[in-house]
Amino acid sequence: MIAYAVRRLVFALTLVFLVSSAGLMLVGLAPGDVTDELFATGVSAETIARERARLGLDRPLVEQYAAWLGRVSRLDLGTSLRYQRPVRDLLAERIGFTATLGAAALLLATAIGLPLGVLAGSRRGWLPRIVRATSITVLSVPPLISALLFALLAARTGWFPVSGFTPAPAGAGWLAAASNLAWHLTLPTLALALPFAATIERLQADATVSALGEPHILAARGRGMSDARLVWRHSLKPALRPVAAIYGIVIGTLFSGSFAVEFVSGWPGLGRLMYDALTSRDIYLAAGCAAAGSLFLAVGTIVSDVALASLDPRLRRQSS
Amino acid sequence: MAAGSLVLDGPDRPGTPPAAPARGGELVASYRSEPVSFNRHLASRAADDLFSRLTQGRLVRRHRITNEIEPRLAESWALADDGLTYTLALRRNVRFSDGEPFTSADVLFSFRAVYDDATNSQLAGELKIGGAPLDVSAPDDHTVVIRFPSPFGPGLRILDGLPILPRHKLEAALDEGRLREMWGTSTPPSELAGLGPFVLAEYTPGQRLVFARNQNFWARDAAGVQLPYLDRLVVETVPEQNVEMLRLESGQLDLTTDEARPEDVAAFRRAAEAGRLQLVDVGIAIDPNLMWINLRPDLKASDSKRAWLQSEDFRRAISHAVDRDVFVNTVYLGAAEPIFGPVTPSYGIWYTPDLPVYAFDRTRAGSLLNGLGLADATGDGVLEDRSAAPVRFSLITQKGNNVRERSAAVIQDQLRQVGIVVDVVGLDQGAVFQRFSTGDYDAIFFGVDITDPDPALMAEFWLSSGAFHFWNPGQATPATEWEARIDDLMRRHVTSLDLDERRDLFAEAQRILAEHVPVLYFAAPHVYVAVSPRVANATPAVTKPQVLWNAEVLAVKGGG
């Protein structure tokens, strides 16, 4: 078990390192650099040249990368070229918001997608068809668009904030703080969760159909076992395996997908920071945001592995 | 510069000061980005400038409606007979937000910070004249003497950009070469001090800046009421512009810090008619988008292509070929005016109406193109040059900027009708700058923000040596005779202290530019500003920040 944990940790660290390195190199290779914005604001060419030299942007990208690697080896993600602040501090200010939104969306997607998938996979008639059609419709709407639609809904009804997050007043109590958080979280969570709920529903429906066709289930049905018992007691666990297998990727893409939703809904997570990093060519901040995104993916993969192992004894034996 | 016409009428319309402004209350504004630093020397973006203007004072300010400079921390000034030396009398009994007194030592300190090599202030360029710094001295606590290195027409208006910083807070850092490290966005608000109308009360990254009234702000209104009127001003970060507009329309915002987009104007007009918004047509923008063709001698193109692409008649033909009414209606949905040069009517005294123009005339465009040896020999509707190559060039524009993308599409369509093929290339801003700075392009459609219409402050555009002389920047010696003439006129314009003479010199420079059309202008949009019905006392301007430039007089209708 220790060897397994070490393997997973090494995998996670390698993933984070590779993704953040790729983020830095790709942004560094894109045309322009962080001082381009200064040109548009009328800063003199002499000041811009000195700023480029001070930031080390006049050196080859490989040299900049090597210097960054040196800092990373000391657990320092570098200093944002745009904000002139440690990348670590900037990430720390926002990562909690992204994690909260991602976790809420994951819970909601699972809570909607799994039961609907079981329902659609185990029933006949108009209900599964409606569920399937709804899922396909939802899947075809990108979270960016659904976030805009929800913003429009909020603006027209006033039921929810159109965007942003305003914390509860100090001393308001945990219940008021929690309900305030839920009120602000509702629309971005829905925008992010619905496509994933649809994905889970489709997978779970197919897996349920497949599981219900297994010989032992057919035999049990032949012996007169009730449909509900067959579905929820005997076919659910094996049918969960495909969903558990992709859960890690769902978690990773959910967090990276949250960047677009965060941008539209004004959720103060990593999304806006990543956008700023990319548009301003802030190579160190882009690397940091990429590292955070890959960290979510790595954690998701571990969670997925644990879930799979708990569902499948053969995998437990392999990992030990 | 005219204040512009108002869409709405009535006693409470923006631009009309209320009879009795009420003190108190809070307004919520939005910004699509947030400051990258609280230290203006390190940050020049619009959000940084707004932060600085709300929290820090200036010696003088350019009034965004009258365009005159008005007293701020300097209550009066006089220019000596040498035409170089200004003596400024500072306002007395002024205190920073933390209670420390403001004196001439703070002004000296602020200039030191600008010119400090270790700081490499982003304000340094605009506070130098011909590359030389201003000489600043202080004979006493309430007098500052500023000597310009050479006569400078705009005079003290360049001080509009200089924040006066608290020496008592920052001098040690400047002495140690650490000013760059000061006042990043993680600095606790209690460590900041300023002379602006507001103080930062709270900053939540990615969410909002909350400004509270500066209890020590020096300004009072005509009735003796201390400004600002507002208790608090909240600036929410709303990155997505569609969402920003929804929030404004639904009453969750009182104002935005950008003008309305053309596509939002109709909806805002309906909201204004329903009493949910106030919408103001402030006037015509002073910074219209422009198109230029690469006239650098190192243009990467075949000799035959260079011959027509860089010729003056080709640019004249383009100007003749584009129907500006179509441009106005397609790009700005009618909310713009056709133009032929960079100086729009909002430039006030600098606007010259009777310049030569190459107006829409496809027949004339065809004649000019034929004169360049460009003809449709194959009958496919596309012109060919003398080497039988099609007349085709690429036009780079900024991807994601709807107005620029639509503009490029209209130009492409209009030029297609005279047989010119335009390949529109959308690139992000950084890539556009890179292509421009390396000269690796045929033509670009772009725009830059202009904050002050005084032409002397845009010398980098007019002078052949300038970085913003887009078509052929940074020339060691003028490449053409007409550029040499503009250089001469603009140098005299910049150094003249006689306003009439400056206006005449600039009119002549405009005339030469209009004749040789190195840059092509098609339309200048009307600047529309929308604010909620709660906002009183707004006097929007055509330049950014349209409403918050005089945030100290904004008020909530009926008070807080």
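The crossing of helix H2(B) and helix H3(B) is left-handed, a term applied when the near helix is turned anticlockwise from the far one by less than a right angle, the clockwise case being right-handed. The model is a predicted one, in which local features need pLDDT of at least 70 and side-chain atom pairs count only at pLDDT 80 or more, while totals for chains, interfaces and linings use all residues. Residues are numbered from 1 along each chain as its sequence is written, and chains are lettered from A, with ligands numbered from 1, in the order in which they are written.

The axes of H2 (residues 104-115) and H3 (residues 167-175) of chain B come within 10 Å and cross at roughly 35 degrees; axes are lines fitted to C-alpha atoms, for helices over the stretch in contact, and angles run from 0 to 180 degrees between N-to-C directions. Helices (H or I, at least four residues) and strands (E, at least two) are DSSP runs numbered from the N terminus. On the H2(B) side the contact involves Ala105(B), Asp106(B), Phe109(B), Arg112(B) and Ala113(B), which meet Arg167(B), Glu171(B) and Leu174(B) of H3(B), two residues being in contact if their C-beta atoms, placed from the backbone, lie within 7 Å. By class, the residues of this contact comprise four nonpolar, no polar and four charged, where Ala, Val, Leu, Ile, Met, Phe, Trp, Tyr, Cys and Pro count as nonpolar, Asp, Glu, Lys and Arg as charged, and the others, Gly among them, as polar.

H2(B) also lies across strands E5 (85-90), E8 and E9 of chain B, and runs at about 165 degrees to E8(B). These strands belong to an open, antiparallel sheet of four strands in chain B, ordered E4-E5-E9-E8, pairing being assigned if DSSP finds at least two bridges between two strands. Strand E4 (74-79) and strand E8 (135-140) of chain B stand at the edges with a single partner strand each, so one side of each is left without a neighbour in the sheet. From one strand to the next, the twist averages 25 degrees. E8(B) and E9(B) form a hairpin with two residues between them, and four bridges join E8(B) to the antiparallel strand E9 (residues 143-147) of chain B. Among these pairings, Ser137(B) has Val145(B) as its bridge partner in E9(B), and Asp135(B) has Arg147(B).

Chain B is divided into domain 1 (56-192) and domain 2 (290-524), with bounds that come from an automatic or database domain assignment. The C-alpha centres of these two domains of chain B lie 37 Å apart, and their contact takes nine residues from domain 1 and 12 residues from domain 2. The side of domain 1 that touches domain 2 in chain B divides into three nonpolar, four polar and two charged residues.

Between the chains, 36 residues of chain B are in contact with 41 residues of chain A. Strand E12 (232-237), helix H4 (241-249) and helix H11 (429-438) of chain B each supply at least two residues of the side that touches chain A, and that side of chain B has 12 nonpolar, 17 polar and seven charged residues.

Chain A contains 13 helices and zero strands, and its C-alpha atoms fill a box of roughly 85 × 55 × 40 Å, taken along the principal axes. Among contacts in chain A between residues at least 6 apart in sequence, 76% join residues at least 24 apart.
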